[in-house]
Amino acid sequence: MNNAVRLENLNFDYGKDFSLSIKELSLNKGEMALISGGSGSGKSTLLWLIAGLLRAKSGSITVAGQRMDGASESAADRIRARHIGMVFQTHHLLPEFSAQDNVALALMAAGEPEKTHAARARELLNKLGIERVNVPVANLSVGQQQRVAVARAIVCKPAIVLADEPTASLDDVNASQAMDLIQQACREAGAALLCASHDRAMQSRFERVIQVDSFVRTERSQAHSGARA
Amino acid sequence: MNDISIVLKSLSSRRLSTIITAASVSVATALLLTMISLRTASFEAFQRGTGTTHLLVSADSSPLTAVLNGVFYANAPSNPISWAKYQEIKNAFPYDWAVPTQQGDSFRGYPVAAVGPEFFTRFEPVRGEPWQLAQGQFPSKPFEICLGSTAAAGSGLRLGQKVFLTHGSGTSREGEHAHEHAEYPFTVVGILQPSGSAHDRVLFTDLDSSWILHAQDRREREGVEGLTTLADLKDEDRKITGILLRLPTRPGRDASAAIQQQFDTLRRDTSIVVAQPAQQIDRLRSIIGNVDELFIALGVAVLLSSGISILLSMHNSMAQRRMQIALLRALGVARMRITGMILMEATLIGCAGAIGGCVLGLIGNAIASGALKARIGLVVDPTLDPRSTVIIVAGAIVLSALAGVLPAITAYRTPVADNLRPQA
């Protein structure tokens, strides 16, 4: 079993307007792939499906050898907590919590022993260059907040990190630094990385690029193919 | 990191709103605790004040007035009873004791009661607790006076000091009718231990002294000069305002089967009013009960409104916390666990409010019992009634938890994906 995540015969739709269909897609442990596509093309939807936050109509999703599809909501929560790390475009850190507490939240969700939370969070944050671990994250710079968000995603040593447009709000220089950070952190944690981005410049960073458009049928694409026919 | 620390951080991030909401629960809890504790304690104190008296005879307008005046010194009884009538009543039945009392004078606003010697030797202000002296002795000669504990503390009088009594209750309403019996100084010979009854704010002397004071007034009106002595007293001077009666009982028992029979016998005499103090206290409780039920209803209403304020405060915060809830869900925290955190948050506000309410309630009780003691000498236990406290505190916490149900449902239903997408 070498797959971090594996999708087979997956079908999902938002009614008639949008449908996503994947015959087979897998990502090996430690592999890094970019999901490419324009805005609204379904990149985030694919990530939410893998994370178990959206439910597929049919097909199977396996994360770290555990079936996400068909699992009860609480079982899906456990798989997500233990095997999936998530990075968001706007970090989504809790501002009133310290950097250490934001990272510890992920350990708590994964059911790790409470007495290990502080030490593990602090150690990882220090490793990522955050020394002021006990100040509220609202008092940290944007770059430091990004490091805290990455630390939260990898602290549980997940099988896969799902990154949803992690650089969309950054300029080129900062976007490049952020991606360096995410990829290096995943590499060191041994986690696969599935990164959704509409930025074509990102493609050179990944050994594998998945075009989400090939899985998706939208009202617009149907109209287009109908016109061609 | 655990659920409690998340809840505490969440409450701390909305500190002002949390404090105000918990304070409203505290006020409601304290109001209810004080009302209920004081109601229970004050009626107990009223019951204590009747002591070992089975029947009270006076010439007041009603049995309730007789008890309020004769036992709680609300006012001086308006009509006297002759000494002959006292003898007639006393000799008509083999009472255990029959104590004559006379009221009408005061000292610096404290009522003065002239009593027969059995008042100190036979009557007990609280059943099983006879009078105890803190200092000195009981009056044994005319113009000696013994102070109740509240009167002693309030007047600052000490043993051996001379005092002059005032005719009437000493209130400004009496105007020129109030005058000082300046011819007859009384000597303080004793100070009583607190009894926890209305008697504590009274100064006690003997009947002869009181009769001499009032005979002096009569003689002055008649133009007779010189100080009045016992030998100058006429039958019309020997008046009393009340008779405390106790019927014989079996050892160790307070009740007697003959009380009702004797009550009915005495009631046939239309020149007097006879009351069973315990019954009249119950009657007073039923009259006042309606008023304090209104206060308790008010307290419940305040508690309900504080529950609504918890609901509103948390409901309003839910809009700001959607991202937090969605993030916790994305990290793998179960819906029910988040729902539990919201309920815990509401419950903690209720707990903090209830604890604050207990503290406020104790302070309120202490203030109220101090005021009752100072104003009417009623000694009310300032501690909280344990049973009522448990019920009210539990009620406040349950209500607070219930107030968290709607926000908890909102949290349960919070969509994850929608709330984690960047806002446009």
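How many residues does helix α6 of chain A have, and how far does the helix reach from its first C-alpha to its last? I note that this is a predicted model. I looked up residues 172-189 and found 18 residues reaching 25 Å. That is close to the 26 Å expected at 1.5 Å a residue.

**Ends of α6(A).** I checked the N-terminal end and found Asp171(A) capping it. A side-chain oxygen of Asp171(A) lies 3.2 Å from the backbone nitrogen of Val173(A). Just after the helix, I read a positive phi of about 75 degrees at Gly190(A).

**Buried side of α6(A).** I listed the buried residues: Ala175(A), Ala178(A), Met179(A), Leu181(A), Ile182(A), Gln183(A), Ala185(A) and Cys186(A). I then looked up what covers them. The cover includes strands β3, β6, β7 and β8 of chain A, along with helix α5 (142-154).

**Chain A against chain B.** I turned to the interface. Here 25 residues of chain A are in contact with 25 residues of chain B. The two chains bury about 2,300 Å² between them, and 64% of that is on carbon and sulfur atoms.

I searched for polar links next. Eight residue pairs are in polar contact between the chains. I also found four salt bridges across the interface. One of them joins Glu73(A) to Arg329(B), with the closest N and O atoms 3.8 Å apart.

Which elements of chain A give two or more residues to the side that touches chain B? They are α2, β6, α3 and α4. Helix α3(A) gives the most, with six residues. I sorted the residues on this side into 14 nonpolar, four polar and seven charged.

Terms used: Residues numbered from 1 in each chain as written. Chains lettered and ligands numbered in written order. Predicted model: local features only at pLDDT ≥ 70, side-chain atom pairs only at ≥ 80, totals over all residues. Heavy atoms only, no water. Helix = DSSP H or I, 4+ residues; strand = E, 2+ residues; numbered from the N terminus. Expected span 1.5 Å × (residues − 1). Buried < 20%, exposed > 50% of the residue type's maximum accessible area, 1.4 Å probe, protein only. Contact = heavy atoms within 4.5 Å. Polar contact = N/O pair within 3.5 Å; in protein donor to acceptor, adjacent residues only side chain to side chain. Buried area = accessible area lost by both parts, 1.4 Å probe. Salt bridge = Lys/Arg side-chain N within 4 Å of Asp/Glu carboxyl O. Nonpolar A, V, L, I, M, F, W, Y, C, P; charged D, E, K, R; others polar.
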